[in-house]
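Please keep the sequence and the model in view while reading.

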Amino acid sequence: MGELRHVLLVEDEPDLRELVRLALSAVGRMEVTVCADGQTALETFNAGRHDLVLLDVMMPGMDGPETLRRLRLLPGGAAVPAVFLTARTRTDLDGVDGVAAAAVIAKPFDPLTLAAELHAIYQAVPSPR
């Protein structure tokens, strides 16, 4: 299995988006593409290569589960693991309209350990990537 290098981050809150970007790029040495909403994420996904999608659940307009549902329909979208980043609990997310993510990371989170947590999730997800 390859290494986690490219993350597509979808987060509507600017300060949190920047915190996650810095945590993953500086601490995790990952390339992070940031999007502020689901529609932009779908357009961005088509334009690049991403090993993992990290997305907020509660966003205005298109929320995280709907973004993930649509992403799964894009070429290559079904093979990319997705992780929800949310203040909601895991039980709130289980079976949300039939959309499953590889994991859920609760807010607040430790920015210094976020990259390691994503690496562990990525390694645990069965291929085909």
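With which residue does D51 form a salt bridge, and how far apart are the closest N and O atoms? The partner of D51 is R49, and the closest N and O atoms are 2.5 Å apart. The model is a predicted one.

## Overall organisation

The protein contains five helices and five strands. Read from the N terminus, its elements follow the order β-α-β-α-β-α-β-α-β-α. The protein has 129 residues, and 43% of them are buried.

Contacts across the sequence can also be considered. Among contacts between residues at least 6 apart in sequence, 65% join residues at least 24 apart.

## Helix α5

Helix α5 consists of 14 residues, 111–124. At 1.5 Å a residue, these should span 20 Å, and the end C-alpha atoms of α5 are 21 Å apart, which agrees. At the start of the helix, the backbone nitrogen of L112 has a side-chain oxygen of D110 within 2.9 Å.

The buried residues of α5 are L114, A115, L118, I121 and Y122. They lie on the same side of α5, because they cover an arc of only 130 degrees around the axis. An α-helix has 3.6 residues a turn, so residues three or four places apart point the same way. The exposed residues L112, A116 and A124 are carried on the face of α5 turned away from its buried side. The cover over the buried residues of α5 includes α1 (14–27), β3 (52–56), β4 (82–86) and β5 (103–106).

## The nonpolar cores

The largest nonpolar core has 21 residues. Those with the most contacts inside this core are V20, L24, L52, L54, V83, I105 and L118. Two or more residues come from each of β1 (6–10), α1, β3, β4, β5 and α5. Of these elements, α5 gives the most, with five residues.

V83 illustrates how the parts of the chain meet. Leaving aside residues up to four places away in sequence, V83 touches L52, V53, L54, L55, A101, A103, I105, L118 and I121. There is also a second, separate core of 17 residues, which includes V10, V53, M62 and A101.

## Salt bridges

The count of salt bridges comes to six. D51 is buried, because its relative accessible area is 4%, and buried means under 20%. R49 is exposed, with a relative accessible area of 56%.

Another salt bridge joins K107 to D56, with the closest N and O atoms 3.1 Å apart. This pair links distant parts of the chain: K107 belongs to the loop between β5 and α5, D56 to strand β3, and the two are 51 residues apart. K107 is partly exposed, at a relative accessible area of 23%, whereas D56 is buried, at 4%.

## Backbone features in the loops

Which two residues does a cis peptide bond join? The bond joins K107 and P108, and omega is about 0 degrees. P108 is found in the loop between β5 and α5.

A further backbone feature concerns R29. The phi of R29 is near 55 degrees, a positive value in a residue other than glycine. Most residues other than glycine have a negative phi, and most peptide bonds are trans. R29 is placed in the loop between α1 and β2 (31–35). R29 is exposed, because its relative accessible area is 69%, and exposed means over 50%.

How values were computed
Residues numbered from 1 in each chain as written. Predicted model: local features only at pLDDT ≥ 70, side-chain atom pairs only at ≥ 80, totals over all residues. Heavy atoms only, no water. Helix = DSSP H or I, 4+ residues; strand = E, 2+ residues; numbered from the N terminus. Expected span 1.5 Å × (residues − 1). Buried < 20%, exposed > 50% of the residue type's maximum accessible area, 1.4 Å probe, protein only. Arc of directions from axis to C-beta. Contact = heavy atoms within 4.5 Å. Polar contact = N/O pair within 3.5 Å; in protein donor to acceptor, adjacent residues only side chain to side chain. Core = buried A, V, L, I, M, F, W, Y, C linked by side-chain atoms within 4.5 Å. Salt bridge = Lys/Arg side-chain N within 4 Å of Asp/Glu carboxyl O.
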